[in-house]
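Morning, everyone. Please have a look at the sequence and the model on the screen. I'll take a few local features in turn.

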Amino acid sequence: MLDEAEAEYGGFPQGTNGAAPSDPRYAAATGDQVTVANAIVTEQTVTALVIVCAPVAQPTPFTVTDLGTANTAANQAAITEALQDMFTRLSSPAGTWQAPGAAVLNGTIHPNMWEEAIGALGLPTFTVASPSGPVVGATNGAMPTLGPISFAS
């Protein structure tokens, strides 16, 4: 991810997947991917074919209910920020980030992760009505991201 260089695009690399242009065995990458491919090409072994692929965003919509009088613009912004931070920290195209030696969660973002993110805000009540279960990347390279959020009292 290129969190700072491509902040305008949520950190997602811009360009097409592929190999370094100097490798005739595969289509050449473009944009951010060619920059990475060109940096790697001098380090690869003679026979290695290195293909640089960007993750694909998989927006996850949320519905947050039971906010009661806490359903304010300020709290909605805080919830959005907390969920965005959770996805930024934990999501990856291979699943959720894991500390070295930790059990692998098989690419799943579990409900307790978003409950913890929102719960840290100290709201009197809230319910995450949707998603109702774990979020998993739909395909290899899919990276769950925050989608639209609906709020209700």
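Is valine 41 buried, partly exposed or exposed? Its relative accessibility is 21%, so valine 41 counts as partly exposed. The cut-off for buried is under 20%. Before I go on, remember that this is a predicted model.

Stay with valine 41 for a moment. The residue lies in helix 1, and that helix covers residues 31–41. Now bring in aspartate 23. In sequence, valine 41 and aspartate 23 are 18 residues apart. In space, their C-alpha atoms are 8.4 Å apart.

Aspartate 23 has a partner. Its side chain meets that of arginine 25 in a salt bridge, at 2.8 Å from N to O.

How many salt bridges does a search of the whole structure find? The count is 2. As background, side chains of opposite charge can pair when their charged atoms come close.

Next, the pair in helix 2. Arginine 89 forms a salt bridge with aspartate 85. The closest N and O atoms are 2.7 Å apart. Why are these two residues about one helical turn apart? Because they sit 4 residues apart in helix 2. Arginine 89 has a relative accessible area of 46%, so it is partly exposed. Aspartate 85, at 38%, is partly exposed too.

Helix 2 also gives us a packing pair. The helix spans residues 73–90, and it packs with helix 3, residues 111–119. The angle is about 135°. The axes are 9 Å apart. Angles over 145 degrees would count as roughly antiparallel. Helix 2 and helix 3 are therefore oblique to each other. And the hand? Helix 2 passes helix 3 in a right-handed crossing.

Back to helix 1, for alanine 37. Buried or exposed? Alanine 37 is buried, because its relative accessible area is 4%. Compare its position with tryptophan 114. Along the chain, alanine 37 and tryptophan 114 are 77 residues apart. Their C-alpha atoms are separated by 35 Å.

Now the loops. Take the one between helix 1 and strand 1, where strand 1 is residues 56–65. Leucine 49 lies in that loop. Its relative accessibility is 37%, so leucine 49 is partly exposed. Which residues form a nonpolar patch on the surface? Leu49 does, with Tyr26 and Ile51. Together they have about 250 Å² of accessible area.

On to the loop between strand 1 and helix 2. Aspartate 66 is placed there. Check its backbone: phi is near 60°. That is a positive value in a residue other than glycine. Aspartate 66 has a relative accessible area of 41%, so it is partly exposed.

Last stop, the loop between strand 3 (127–130) and strand 4 (135–136). Proline 131 has its place there. What kind of peptide bond joins serine 130 and proline 131? A cis one, with omega at about 5°.

That's my tour. Over to you.

How values were computed. Residues numbered from 1 in each chain as written. Predicted model: local features only at pLDDT ≥ 70, side-chain atom pairs only at ≥ 80, totals over all residues. Heavy atoms only, no water. Patch = residues over 30% accessible without salt bridge, like charges linked within 9 Å, V, L, I, M, F, W, Y side chains within 5 Å. Areas by Shrake-Rupley, 256 points an atom, 1.4 Å probe, with all protein chains shown as cover. Salt bridge = Lys/Arg side-chain N within 4 Å of Asp/Glu carboxyl O. Buried < 20%, exposed > 50% of the residue type's maximum accessible area, 1.4 Å probe, protein only. Axes fitted to C-alpha atoms, helices over the stretch in contact; angles between N-to-C directions. Parallel < 35°, antiparallel > 145°, perpendicular 65-115°, else oblique. Left-handed = near helix turned anticlockwise from the far one by under 90°.
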